[in-house]
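This report goes through one protein model in short sections. Look at the chain first, then read on.

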Amino acid sequence: MTQDSLAFLPFVRPEIDEETIAGVVDVLRSGWITTGPQNQAFEQALSAYCGGRPVRTFNSGTATLEIGLRIAGVGAGDEVITTPASWVSTANVILEVGATPVFVDIDPITRNIDLNLLEKAITPRTKAIIPVFLGGLPVDMDRLYEIARAYRLRVIEDAAQAFGATWRGERIGKLGDIVSFSFHANKNLTSIEGGALVLNDEHEAELARKYRLQGITRTGYDGMDCDVLGGKYNLTDVAARVGLGQLAQIERFTAQRKKLARAYFAGFEGGAAAKIGMGLPPADFENGNWHMFQVTLPLERLTIDRAAFMQKLHDEYRIGSGVHYPAIHLFTLYRARGFAPGMFPQAERFGATTVTLPMFTLMTERDVARVCGAVNEICEQFGK
């Protein structure tokens with residue numbers, strides 16, 4: 001079989017089963033397609049998954065982060081510490097609530113925020129921390145919360161990629177402060193678009209509900225009041241029904257991802273990519289959910305750049321790939337706020353060299369072997 005005859009392998013593809021598709025059809029036929037009984041059922045199922053904590057759904061993981069900050073009381077004059085190695089929304093929501101993002105560089109091994117540097121960034125204006133669980137790997141939660149308690153800081157966990165991950169045997173979402181999940185189409189659990197906030201008590205849950213839909217509270221048949229400035233962030237019942245179908249399969253999804261990740265490590269062992277120093281993610285099969293498999297290219301030992309590497313994967317081997325993520329502080333919006341190259345060298349190096357390889361539950365170990373073979377061949381051809 002030639003490379004041209006191979007089916008294209010994307011870097012992500014959601015798995016939606018027939019029962020879920022039929023359930024969506026039932027919702028469409030019901031006439032109640034926006035927020036309603038399916039959403040309520042989804043919230044209850046998510047709450048049970050998170051140990052009974054209150055959960056409120058939203059139409060995106062970006063919305064959950066922003067509302068999480070508002071519930072934590074973050075606003076103008078406050079500082080929020082986070083990592084520059086994330087999707088830009090992590091920092092954008094800090095600006096959205098009127099606060100100032102303060103970046104801390106990443107640990108080069110875990111690729112998460114470097115907790116050894118965290119305390120140096122805390123000032124009297126610091127109100128909260130947003131740790132990002134990159135690729136579905138949690139930070140050291142014990143140490144994170146030890147620091148947060150010592151300085152009386154709120155934590156809004158950016159667990160967008162971490163649904164199904166654990167820390168010391170406990171599910172992410174079951175413990176901690178405010179936890180933000182994303183259910184975007186590329187996540188381990190998808191509702192097409194969507195997200196959820198795991199909260200501490202019913203007061204926070206009620207506030208989240210208000211923020212989700214214009215700050216409105218209804219009473220009786222005709223009573224209505226608005227006492228906070230909310231937005232339009234509700235999740236539809238169509239999306240919730242997809243989420244319910246996905247949640248029922250999350251343990252299988254996670255097990256399959258771990259199986260594929262092990263196959264990646266085996267496929268790269270001793271190959272051309274390893275010989276020239278291609279970096280692999282930390283092999284944490286206890287806590288991580290393997291949302292992504294991100295490698296770092298040793299560009300100084302290749303005669304092609306990252307874009308050409310990715311193009312060869314696409315054009316010659318029919319394999320998709322991605323970049324997750326360029327360092328946030330190097331975007332124009334953040335350079336205009338005083339950030340500059342060289343400030344966070346680990347995040348900058350990671351952002352300039354990382355490539356995300358295919359990882360989704362419909363893949364097989366044979367697919368992984370195909371990817372590893374292609375990467376090794378390119379490294380053999382263009383290594384120096």
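## The second largest cavity

The second largest cavity is lined by 14 residues, and P14, E15, K187, N188 and R257 are the ones nearest its centre. A cavity here is a set of points, on a 1 Å grid over the protein atoms alone, where a 1.4 Å probe fits but cannot get out, and lining residues have an atom within 4 Å of a point. The volume of the second largest cavity is about 90 Å³, a volume being the space filled by probe spheres set on the points, with grid points joined across faces, edges and corners. Its lining divides into five nonpolar, five polar and four charged residues. In this scheme Ala, Val, Leu, Ile, Met, Phe, Trp, Tyr, Cys and Pro count as nonpolar, Asp, Glu, Lys and Arg as charged, and the others, Gly among them, as polar.

The model is predicted: local features need pLDDT of at least 70, side-chain atom pairs count only at pLDDT 80 or more, and totals for chains, interfaces and linings use all residues. Residues are numbered from 1 along each chain as its sequence is written, and side-chain values use heavy atoms, with hydrogens and water left out.

## The largest cavity

The count is three cavities of 30 Å³ or more. The largest cavity holds about 140 Å³ of space. Among the residues that line the largest cavity are T110, R111, L134, W290 and M292. By class, this lining has six nonpolar, four polar and two charged residues.

## The largest pocket

A pocket differs from a cavity by definition: a pocket is an open set with protein on both sides within 12 Å along at least five of seven lines. The largest pocket contains about 360 Å³ of space. It is lined by 20 residues, and W87, S89, S182, K187 and Y325 are the closest to its centre.

Helices α3 (61-71) and α4 (89-96) each supply at least two residues of this lining, and α3 gives the most, with three. Helices (H or I, at least four residues) and strands (E, at least two) are DSSP runs, numbered from the N terminus. The pocket lining has six nonpolar, eleven polar and three charged residues.

## The whole chain

The protein chain has 14 helices and 13 strands. Its radius of gyration is 21 Å, close to the 21 Å that the globule rule gives for 384 residues, so the chain is as compact as a globular protein of that length. The radius is taken over C-alpha atoms, and the rule is 2.2 Å times the number of residues to the power 0.38.

## Two helices in contact

Helix α9 (residues 250-268) packs against helix α14 (residues 365-382) at an angle of about 35°, with their axes 9 Å apart. Axes are lines fitted to C-alpha atoms, for helices over the stretch in contact, and angles run from 0 to 180 degrees between N-to-C directions. On the α9 side, the residues that meet α14 include L260, A263 and F268. This contact has eight nonpolar, two polar and two charged residues, where contact means heavy atoms within 4.5 Å.

Most residues other than glycine have a negative phi, and most peptide bonds are trans. I192 is not a glycine, but has a positive phi of about 80°. I192 lies in the loop between β8 (178-182) and β9 (195-198).

The peptide bond from H324 to Y325 is cis, with omega near 10°. Y325 sits in the loop between α11 (306-317) and α12 (332-335).
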